[in-house]
Amino acid sequence: MLRAESETLEIRTRGRGMHDFTREVEAWLRGQKAQSGLLTLFVQHTSASLLIQENADPDVQADLERFFARLVEDGDPLFAHDAEGPDDMPSHIRAALTQTSLSVPVVDGRPTLGTWQGIYLYEHRTAPHVRRVVLSYVGT
Amino acid sequence: MLRAESETLEIRTRGRGMHDFTREVEAWLRGQKAQSGLLTLFVQHTSASLLIQENADPDVQADLERFFARLVEDGDPLFAHDAEGPDDMPSHIRAALTQTSLSVPVVDGRPTLGTWQGIYLYEHRTAPHVRRVVLSYVGT
Amino acid sequence: MLRAESETLEIRTRGRGMHDFTREVEAWLRGQKAQSGLLTLFVQHTSASLLIQENADPDVQADLERFFARLVEDGDPLFAHDAEGPDDMPSHIRAALTQTSLSVPVVDGRPTLGTWQGIYLYEHRTAPHVRRVVLSYVGT
């Protein structure tokens, strides 16, 4: 018999960068005694986003950040929306270019991540924030 | 007992830009008497896309559009596919860089959007179009 | 009565480029005797990704590839992570800019794709690879 469950995680970021929260997600599924179904993650912000990326070499995260910093320059005079500072509008654009929601099939109670995949919250603002991610599970 | 429902919305765009259709989505969930589950949106086009973005300051939408217009230039001679005009191939690329599908957990009959989040159809063609978005709900 | 099913597809790529696997996905749904629900695709790699794009004019795929090759240059000295070659880090970035998961509503046993939409695996590495995509279905 299928069921639908959800919960909201709060994640404290240390400012711009990627935060791996794969373990919290796996622990939540275990607590739900999930078997087979679909896990969905949804971030309730438009200046932080979700990303599944390589979790082996920390250079990957540093390179991703350097790429986005060059692609979407803080303080670019193109942007009118700068009420919260030079990183305000670039954060919205970085979020638009990555993900607000992610879905991962669940088999035998675990998300079917590949060997080198981790689930990341990508904080785009330079200052630390508390971010909310809604977890949803539909399955047995 | 879980159930699966779906419906197709038609959205008339006014040409390039973001169209907020959060209210239509919320109204559909109310009509379904949805309680807890998962909402998925899917756009049936490759030159329009979906995006969850800030709905407070209209400058955010204007800045996003200016950013994409600079990143993916209309009429760029790089592109061979221009049968429908200089905005044809750039529209496909903008769609690839944003979302074709979005999923949002539903709790107490409402999508769990953050305070400042709206659900947008992003029309990338310069001319007005009628766009189809499939809504799917799985839950109680 | 809803149920949850899943399976893993193996896709052999021929190196960088888009691989249409819409037919395999449709065949799997038929084999499941799916009626109404939600299909989710998840790629278990961070240097290949998923994309729904135009399937009519092959120029669209060539133009998309040319755009990404220019946006994320192979061998860019910005990148520290190059253990597997000049296309290593660019592949992770291309994957971050496109999709790791995609969801498509299913009606009458078929994914509700638009007329010109195909489901693609986008291989970002220049060498051929075997890629794994997990298919998940929740529905009747």
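A salt bridge is a side-chain nitrogen of Lys or Arg lying within 4 Å of a carboxyl oxygen of Asp or Glu. By this rule, 1 salt bridge is counted between chain B and chain A. The structure is a predicted model, in which local features need pLDDT of at least 70 and side-chain atom pairs count only at pLDDT 80 or more, whereas totals for chains, interfaces and linings use all residues. Residues are numbered from 1 along each chain as its sequence is written, chains are lettered from A and ligands numbered from 1 in the order in which they are written, and side-chain values use heavy atoms, with hydrogens and water left out.

Chain A contains 3 helices and 8 strands; helices (H or I, at least four residues) and strands (E, at least two) are DSSP runs numbered from the N terminus. The order of these elements in chain A, starting at the N terminus, is β-β-α-β-β-α-α-β-β-β-β. Along the principal axes, the C-alpha atoms of chain A fill a box of roughly 55 × 30 × 20 Å.

The arrangement of the chains was examined by superposition, done by least squares on the C-alpha atoms of residues with pLDDT of at least 70 in both copies. Chain B is superposed on chain A by a rotation of 120° with 0.0 Å of shift along the axis, with an RMSD of 0.0 Å. This is the relation of a three-fold axis. Within chain B, the residue that comes closest to the rotation axis is B:L97, with its C-alpha at 3.4 Å. For chain C, a rotation of 120° with 0.0 Å of shift along its axis likewise gives superposition on chain A (RMSD 0.0 Å). The C-alpha of C:L97 is the one in chain C nearest that axis, 3.4 Å from it.

The interfaces were described by contacts (heavy atoms within 4.5 Å) and by buried area, the accessible area (1.4 Å probe) that two parts lose on being put together, summed over both. Between chain B and chain A, 32 residues of chain B are in contact with 33 residues of chain A. The area buried there is about 2600 Å², and carbon and sulfur atoms give 65% of it. On the chain B side, B:L2, B:D63 and B:F67 lose the most area to chain A, together 20% of what that side buries. The salt bridge of B:R70 with A:D76 has its closest N and O atoms 2.8 Å apart.

Between chain C and chain A, 33 residues of chain C contact 33 residues of chain A. About 2600 Å² is buried between them, 65% of it from carbon and sulfur atoms. The rule finds 1 salt bridge across this interface, and A:R70 and C:D76 meet in a salt bridge at 2.8 Å, N to O.

Over all chains, the count comes to 30 salt bridges. One pair, B:D87 and B:R125, meets at 3.0 Å (N to O). This pair links distant parts of the chain, 38 residues apart: B:D87 lies in the loop between α2 (58-71) and α3 (88-97) of chain B, and B:R125 in the loop between β7 (117-123) and β8 (130-139) of chain B.

The search of the whole structure finds 4 cavities of 30 Å³ or more. The largest cavity has a volume of about 80 Å³, where grid points are joined across faces, edges and corners and a volume is the space filled by probe spheres set on the points. Among the residues lining the largest cavity are A:Q99, B:Q99 and C:Q99. At least two lining residues are supplied by each of β5 (101-107) of chain A, β5 (101-107) of chain B and β5 (101-107) of chain C.

Notes. On a 1 Å grid over the protein atoms alone, a cavity is a set of points where a 1.4 Å probe fits but cannot get out, and a pocket is an open set with protein on both sides within 12 Å along at least five of seven lines; lining residues have an atom within 4 Å of a point.
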